[in-house]
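Here is a quick tour of one protein model, written for someone new to reading structures. Keep the picture open while you read.

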Amino acid sequence: MVSQPKQRIKFLERKNMKLVKLGRGCIAAFALIIALPSYATQLAPAFEFDTPTFSANFGDYDLGIDFRVEQTLIVDALAYFNDDPSVAAHNVALFTINGAKLTETVVDTTDTLLGNFRYSSINPITLFAGNTYRLIGNSTGDNYTFGVQQFTVNPLITYLGYSYSATTGNNAVFDAGATTGSDIENAVWGPNLSVRLAPVQVPEPQSALLLALGIAALAIARKKAQ
């Protein structure tokens with residue numbers, strides 16, 4: 001017959017082993033939470049098209065695109081159409097639909113060429129789902145294009161229309177009275193931007209540790225109640 005103290009020791013040993021396994025499980029869960037990557041798509045143009053059928057220059061214009069954001073996203077580059085070859089720098093600016101300027105940059109002939117546009121990096125800004133924005137670029141003596149075929153729009157946004165207005169200076173401006181339209185194939189195209197999904201917020205290490213400890217405490221309390 002096994003003595004009472006030995007039974008007690010064996011009981012405590014089994015209990016300690018369970019706690020050790022539980023602790024290891026919590027540590028593994030904590031490591032997994034910390035290691036989870038933020039989800040983001042690859043940088044991609046908001047708009048792109050095949051070779052345009054017509055490019056010309058009828059004077060300096062501010063050319064705009066209106067679009068709605070379908071998911072909260074990050075913009076970290078603005079772009080301008082690269083007529084082959086472009087010879088000028090282009091002011092490009094991003095506004096809310098109410099005319100508040102969010103960011104601007106100058107796209108020049110040394111910036112990264114991707115497809116039909118050159119991209120200039122900016123400090124990343126966030127655009128929020130459901131909001132509408134207007135992107136404007138100045139032609140600055142270069143050709144602009146229309147009669148575009150096979151135009152594509154990034155699924156993160158919805159194209160709403162284009163605008164254009166004559167300008168007397170080399171600067172992208174917001175013109176509430178600009179001529180507007182919504183025909184993609186015959187729109188006048190100049191500016192562009194590169195967009196990606198805003199990263200999912202990952203719990204901070206302190207929050208993840210508290211979560212793991214909370215799970216462990218609940219498990220221990222449940223074991224004691226059994």
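Let's start with Glu70, which is partly exposed because its relative accessible area is 34%. (Buried means under 20% relative accessible area, exposed over 50%, and partly exposed in between, using a 1.4 Å probe and protein chains only.) Its partner is Arg68: the two form a salt bridge, with the closest N and O atoms 3.0 Å apart. Arg68 is also partly exposed, since its relative accessibility is 29%. A salt bridge here is a side-chain nitrogen of Lys or Arg within 4 Å of a carboxyl oxygen of Asp or Glu.

Before going on, a word on the ground rules. This is a predicted model, where local features need pLDDT of at least 70 and side-chain atom pairs count only at pLDDT 80 or more, while totals for chains, interfaces and linings use all residues. Residues are numbered from 1 along each chain as its sequence is written, and side-chain values use heavy atoms, with hydrogens and water left out.

## Salt bridges across the chain

By that salt-bridge rule, the count comes to four. One of them joins Arg134 to Asp66, with the closest N and O atoms 2.5 Å apart. Arg134 sits in strand β10 (residues 132–138) and Asp66 in strand β4 (residues 61–69), so this pair ties together parts that are 68 residues apart in sequence. Helices (H or I, at least four residues) and strands (E, at least two) are DSSP runs, by the way, numbered from the N terminus. Are Arg134 and Asp66 buried or exposed? Both are buried.

Arg196 and Asp76 meet in a salt bridge too, at 3.0 Å from N to O. This pair also links distant parts of the chain, with Arg196 in strand β15 and Asp76 in strand β5 (residues 73–81), 120 residues apart. Both Arg196 and Asp76 are buried.

## Rings that meet

Now for the aromatic rings. Rings of Phe, Tyr and Trp (its six-membered ring) pair if their centres lie within 6.5 Å; planes under 30 degrees apart count as stacked, over 60 as edge-to-face and the rest as tilted. The count by this rule is 14 aromatic pairs. Take Phe47 and Phe151: their ring centres are 6.0 Å apart and their planes are at 35 degrees, so the pair is tilted. Phe47 lies in strand β2 (residues 47–48) and Phe151 in the loop between β11 (144–146) and β12 (152–153), so the pair ties together parts 104 residues apart in sequence. Phe47 counts as buried at 1% relative accessibility, and Phe151 counts as buried at 14%.

Tyr159 and Trp189 make another tilted pair, because their ring centres are 5.5 Å apart and their planes are at 45 degrees. Tyr159 belongs to strand β13 (residues 157–166), while Trp189 is in the loop between β14 (179–181) and β15 (191–197), 30 residues away. Both Tyr159 and Trp189 are buried. Ring pairs link Phe47, Phe49, Phe81, Phe117, Phe151, Tyr159 and Trp189 into a cluster.

## A covered strand

How many residues of strand β6 (residues 90–96) are buried? Seven of its seven are. In a regular strand, side chains alternate between the two faces of the sheet. In β6, His90, Val92, Leu94 and Thr96 point one way, and Asn91, Ala93 and Phe95 point the other way.

Two strands pair if DSSP finds at least two bridges between them. β6 pairs with strand β7 (residues 101–107) in the antiparallel sense over six bridges, and His90 stands opposite Val107 in β7. Their hairpin has four residues between the strands, and Gly99 there takes a positive phi near 105 degrees. β6 and β10 also run antiparallel, joined by five bridges, with Val92 opposite Gly137 in β10.
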